[in-house]
Every structure is written in C-alpha cells, then in structure tokens.
Amino acid sequence: MNTLKYQSQAVAKPYFVFAMILFVGQILFGLLMGLQYVVGDIVGGLIPFNVARMVHTNLLIVWLLFGFMGAAYYLVPEEAETELHSPKLAIALFWIFAAAGVATILGYLLVPYATLAHITGNDLWPTMGREFLEQPTITKIGIVVVALGFLYNLGMTILKGRKTAINMVMMTGLIGLAVFFLFAFYNPTNLALDKYFWWFVVHLWVEGVWELIMGAILAFVLIKVTGVDREVIEKWLYVIIAMALISGILGTGHHFYWLMTPAYWQWVGSIFSAIEPLPFFAMVLYAFNMVNRRRREHPNKAATLWALGTSVMAFLGAGVWGFLHTLAPVNYYTHGTQITAAHGHMAFYGAYAMIVMTIMSYAMPKLRGVGEANCNRAQVVEMWGFWLMTVGMVFITLFLTGAGVLQVWLQRLPESGEALSFMATQDKLAIFYWLREIAGVVFLLGLVAYLYSFFVTEKKAA
Amino acid sequence: MPDNLQQALGASTNEPTASSKSNLKKLPGDLAMWFFILAELTVFAIFFIGFAIAENLNLVMFAEGKAQLHKVAGLINTIALITSSYFVAISLHSMRVRNDRQAVFRLILALVFAAVYIVIKLWEYESLFEQGIDIETNTFFTLYFLITAFHFMHILLGMVILVYMAKNAYQGKYNDSSSESEFSGFESGACYWHMVDLLWIILFPLIYVI
C-alpha cells in the first residue's frame, strides 16, 4: 500500500538501509575494542586498537550523516509540498558516498594508516591524523562534493515549494554542517591552534548545527504522530534552537580551557555550557506535552516511543552527562578520562542515533510500502529493540562513569608521585570495562531485535 | 506536568484561549518568551554567583577594580534604562487604550534612552582601554567585561525588538481586537525589555557599588 505523499521521498530508503549496515559495523567494532581494553590483542594484530577505534567512530559519523541525509530527503519534499528537485542526483550521490565510505573504511583496515596517508597524497595537503577527521584528504573532498550536491538538491526543492519553519531549521542545520566541515581542511602545524580549529568542526557540529537537525526532525515527527497544530510545534522549535545556539556556540569555550587560550575562556565555557542542558530539557517537556495533547491516535506507536525516548536520552546524555564535567574547575581533573567516554556514548546515542531511528521508525513503513505503520507484532519487536539498546546504553554509560570516577581518584587527584600511572590505573578499572562489555552485548541484542523487526509480519489467521 | 502549563504551552485542542475572561490571571506575552527570559536570567544568575564567589576569594583585587570604574556613568545608565523601561510600560498602556500613534512615540522615547545607555557604555569601555585595562587584566576585569558586554548585547537585541514593535504598532498590526496573539507579541517584547532593565539593576550595585 503506497502511502508516500511524494514519490521522490523514496530516495530516502537506500540512505536509511545503508546507515543501518554501517551501524552494525560500528557496534561490532565497539565490542571488539571493549574486549581489547581488558584482554589486549585478540585478533593476531590484524586490527590494532587504534584502528578499531578509528573505524568505530568514523562509522558512527558516516552512518549518522547517511541518516540525516535520508531524513532530509524524506521530510523536505513533504514539508515543501513538492517532489524532490532531482531524485536521480540523490541516488547518484548515494552511490558515490557509499563507495567512498566503504573504500575509506577498507583503507583503514587493509593498509597501515601511514601507507594510506602516503597513497592518498596526504603530503600534498595534510589533513589526516586527527581524531574523527582521520579520512584521507580525497575522501574529505568527496564529502564536500556530496554535501554540495545534496544541499543544491534540497535547496532547489525548498525554493519551488512551501517554506516552513521545519524546512528552514533543517536547511540551516545542514548548511552549517557543511560549512563547519570546511575547518577539517585547515590544519595548522601549531598543535594548540590545530586543536582550536578542530573543535570548530567537532563541537559546532554536535553542540551546534546538529541540534538544529535533531530539532527539525523531532518537530516533523511530532506533527505527524500527534496532529498538534504546526504553529504551536514551530514556535517551541524556535525557542529551543535559540537556546541551543546561544549556549552551544559560546559553550565551545569548554574545549578551550587547556589550549593556551586566554583565561576568560574558562568563564565563558563554564557558564554557557552550564546552560546547554536547558534546550535538551525543553525538548523533553515539548515532546511529552505534544504527545499528551495529541489529536489523533497514530497507528505507529513505535515512532512515538522513539520520539519521546530521544528527547529523554539526549537530555541525560548530552545535557546531564555533559554538565557533569563541563565546569573548568571540575574539568581540570576529569579532562580526557572515562567520564568523557561515558558522556560521548550516551550523548551520541540519545541525541543522534535515536533521532535517526525516530524518523526511520516513522518513515520506513511508508517507504517500504507497508502502510502508515508496521503490524503490531513488528512494532512490539521494534520496541524490544528500543528498550534493549537504551537500557544497554544506560549501563554502558554508568559503568564508564564508574570507571571515570575511579580513574580521577587514582590518577588525577593525588599529588604527583603518589598518583598511579595511566596504565596502572587502567588495570584497576578492569571490572568496569568487563561490565561495560556485557552491557555492550545487550546493546547488540537490541540492535539485532530492531533490525529483525523489519522482517516481522502479522501471523496469518489460522 | 500541570494542566495549566499544558494549556499555556498552547497545545490545547480547545478553542484558541479563554484568557480574555481572566486577564488578571493571564501571564502577559507569550509563554515561549517567558521560557526564553528564564533561560536568560539563569545565565546571568550563574554569572552573578560566579562574580560573588570570585570576589570573596579576591577581596582586594575586586575592591581595587571597582574603584577604577566610573560610578557616575553607571548611575546615569541605571537612570537611562529605568526611564526607557518606563516609556515601554506606558507605551503598552497606550496600546491598550488603542492609541497607536502615542504608543509608537513612547517606544521611540524608550529607544532614545536606550541609545544614551549605548553611548555611555561605549565611552566607559573606551576610557578603560585608554588606561590599558582590558579583559585579561585580572579576574575582576575579565568578569566585568564578560558580564557587561553580554548585557550590552542584550540591550542591542532589545532595541531591535523595540524597533520591530514600533514598526508593527505604526502599521496598526496590534489593532486586531479579534486576535489575542497579535497583542501578546507587544507584551512579549515589553517583557524582554523589562528583563534587560532588571538585569542592569542587579548588575550595577553588584559590580560597581557594593
């Protein structure tokens, strides 16, 4: 049963499917690293820890980008009330991006990183070797080309169609995403300066423009599943993104504490990032309020669960766990410990992985021609996936937080000389790492359940 | 979440609102603006608390810093902002009695007093820079510049909002008695301006005087 309003929305489907394939890869490499933390090398040196980590984080970023693109191709035409400008371009860019992504990951796995840098001509324009931005320069150029084509396609669609607040916020977020990525090409030799501009990509993505993308997707799904007036949802979207941008942009200061930057950054970073939980808290109130005030009972209960879940988990992971170590006097001790890892895991899952699964949950039944929603059995399995992944992530976060607190206690707080060394501290944290690995397996089971839900159909009546 | 908050969030499925019956109980302006104001007040509250703690840890430095500030300039600015807020308040009154022209005139007067603030504040910064004092001089001046500059940016935003209100009032856009929401836009802008004024009333004694 075809329930798509605009047939060109169908181009979102390969983006979502490929995002899920990469997601599986990300989790498998995460589990591998989790084991490497406690038992060392287990694959005969084939996949060293640093490579596994690079693949784990790069797959995350790339699958989220595929998810955002899928979300944009799905919601922009529907909001603009017109067909996508060029579905062919969207499909062509999908294959280019997918091929470049796979080639890059294979490059990480099959040749030493230095060799990869050499054969991709990194010495001509050195951009490699920085956390999360490890991609060869040629891949980075490919990402820019794909982003330009993508923005052109959406921009033309919006220009010829209805202009809504959701589309404007989504486009602002996506344009910001592309613009801030350009700082990945600027790589000063001074390490402090390098880090300074590196945060322009990393921070202004996740605590700036990505929040706009999240807000727009959440608003779109809430309008669809609750039937609440667009004006009401859009007004609150504006309030939330205004708070997110003010706190998020000045909150960049929390990365500048220890970079030889002027001391006022410690005040700016501390105060404005202390405000960063507010927009996330506003999103929780907003999502629950709109669902409570719903005007219709949408058959897709799972999508509603994801929408509520992403608001809560983003608030906990990005808001609360971010605040935990954001004040300069606290960060002096916690900087770069497992507390950071705890925050990173729950924030990425809560805010970004879950928002992609929210729009997928809403859109996939329509994209696959199932109808407004999956059958009841499939939704129950999907909700199992939701809970197993979410509970798994809560425990991953709690165990990493425990590890982080102990790490600070043993390695950071004691006067020098009495403090344990980094590696000696790691040995003491082993129990937390084992528990984290178990929680990771629960997460994987949740992911399997989630993916299985796509294949569940209603039992035939006997 | 309490029902009244849910209603105020506007997601009610009922008729627009029943607020016209109980104007006294109704929050002036849009609830969204109040959320925004609360967020702003929170930022400043953290700044003020940070300032107070830093002052307690560096009593001599803060006393010396305050002695270098121009208290008369601060006082003139306090009076300018209170006067400006007064004109916004009586401008709202003009709106309520449907005298749009008078409302616009009063908003312009409010903007003039805001401009007085801008000029004096810039002169103050300039004279500090001439003495070789800037944001990196010491913790007192780091906080002085951060807090007052952040407040300064709010004055600028507030002035943009006042201009927008004056433009709409001039075009008679708040004159639609059938629409609650049109009038609440004016109230929202006025609330924002009062917040900016209120912040200075706390900021001036805290940083300049006590």
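This is a predicted model: local features need pLDDT of at least 70, side-chain atom pairs count only at pLDDT 80 or more; totals for chains, interfaces and linings use all residues.
**View 1. Met260(A), a loop residue with a positive phi.** Met260(A) sits in the loop that links helix H8 (230-250) to helix H9 (264-275) of chain A. It has 11 C-beta neighbours inside 10 Å, so Met260(A) counts as exposed. Have a look at the backbone too: phi of Met260(A) is near 65 degrees, which is a positive value in a residue other than glycine.

**View 2. Arg98(B), a loop residue of chain B with a positive phi.** Here the loop is the one between helix H4 (71-96) and helix H5 (100-130) of chain B, and Arg98(B) is part of it. Phi of Arg98(B) is near 65 degrees, again positive in a residue that isn't glycine. Arg98(B) counts as exposed because it has 12 C-beta neighbours inside 10 Å, and the cut-off for exposed is 12 or fewer.

**View 3. Thr142(B), where chain B meets chain A.** Thr142(B) belongs to helix H6 of chain B. With 21 C-beta neighbours inside 10 Å, Thr142(B) counts as buried. Set aside the neighbours within four places in sequence, and Thr142(B) is in contact with Ala263(A), Tyr264(A) and Trp267(A) from chain A, plus Ile135(B) and Glu136(B) from chain B.

**View 4. The side of chain B that touches chain A.** In total, 21 residues of chain B are in contact with 23 residues of chain A. On the chain B side, the elements that give two or more residues are helix H2 (31-57) and helix H6 (139-170). H2(B) gives the most, with 9 residues. Sorted by class, this side of chain B has 13 nonpolar, 7 polar and 1 charged. As for scores, the model comes with ipTM 0.82 and pTM 0.91.

View 5. Mean pLDDT for chain B is 86, and 84% of its residues reach 70 or more. Over residues 1-8 of chain B, though, the pLDDT is below 50, and this stretch has 9 contacts in the model beyond near neighbours in sequence. Residues 10-22 of chain B also have pLDDT below 50, with 16 contacts in the model beyond near neighbours in sequence.

**View 6. Where the two domains of chain A touch.** Across the boundary, 26 residues of domain 1 are in contact with 25 residues of domain 2. On the domain 1 side, helix H1 (12-39) and helix H2 (49-80) of chain A are the elements that give two or more residues. H1(A) gives the most, with 14 residues. By class, that side of domain 1 has 19 nonpolar, 5 polar and 2 charged residues.

View 7. Leu451(A) is in helix H16 (residues 430-452) of chain A. Leu451(A) has 16 C-beta neighbours inside 10 Å and so counts as partly exposed.

**View 8. Helix H10 of chain A and its buried residues.** H10(A) covers residues 277-292, which makes 16 residues. From first C-alpha to last, H10(A) reaches 23 Å, close to the 22 Å expected at 1.5 Å a residue. Its buried residues are Pro277(A), Leu278(A), Pro279(A), Phe280(A), Ala282(A), Met283(A), Tyr286(A), Ala287(A), Asn289(A) and Met290(A).

**View 9. Chain A as the setting for the close-ups.** Chain A has 16 helices and 0 strands. Its radius of gyration is 22 Å, close to the 23 Å that the globule rule gives for 462 residues, so chain A is as compact as a globular protein of that length. Along the principal axes, the C-alpha atoms of chain A fill a box of roughly 70 × 50 × 50 Å. Of the 462 residues, 50% count as buried. Among contacts in chain A with a separation of 6 or more, 80% are between residues 24 or more positions apart.

Conventions:
Residues are numbered from 1 along each chain as its sequence is written. Chains are lettered from A and ligands numbered from 1 in the order in which they are written. Helices (H or I, at least four residues) and strands (E, at least two) are DSSP runs, numbered from the N terminus. The expected span of a helix is 1.5 Å times one less than its number of residues. A residue is buried if 20 or more other C-beta atoms lie within 10 Å of its own, exposed if 12 or fewer, and partly exposed in between; C-beta atoms are placed from the backbone. Two residues are in contact if their C-beta atoms, placed from the backbone, lie within 7 Å. Ala, Val, Leu, Ile, Met, Phe, Trp, Tyr, Cys and Pro count as nonpolar, Asp, Glu, Lys and Arg as charged, and the others, Gly among them, as polar. The radius of gyration is taken over C-alpha atoms; the globule rule is 2.2 Å times the number of residues to the power 0.38. pLDDT is the predictor's confidence in each residue, from 0 to 100.
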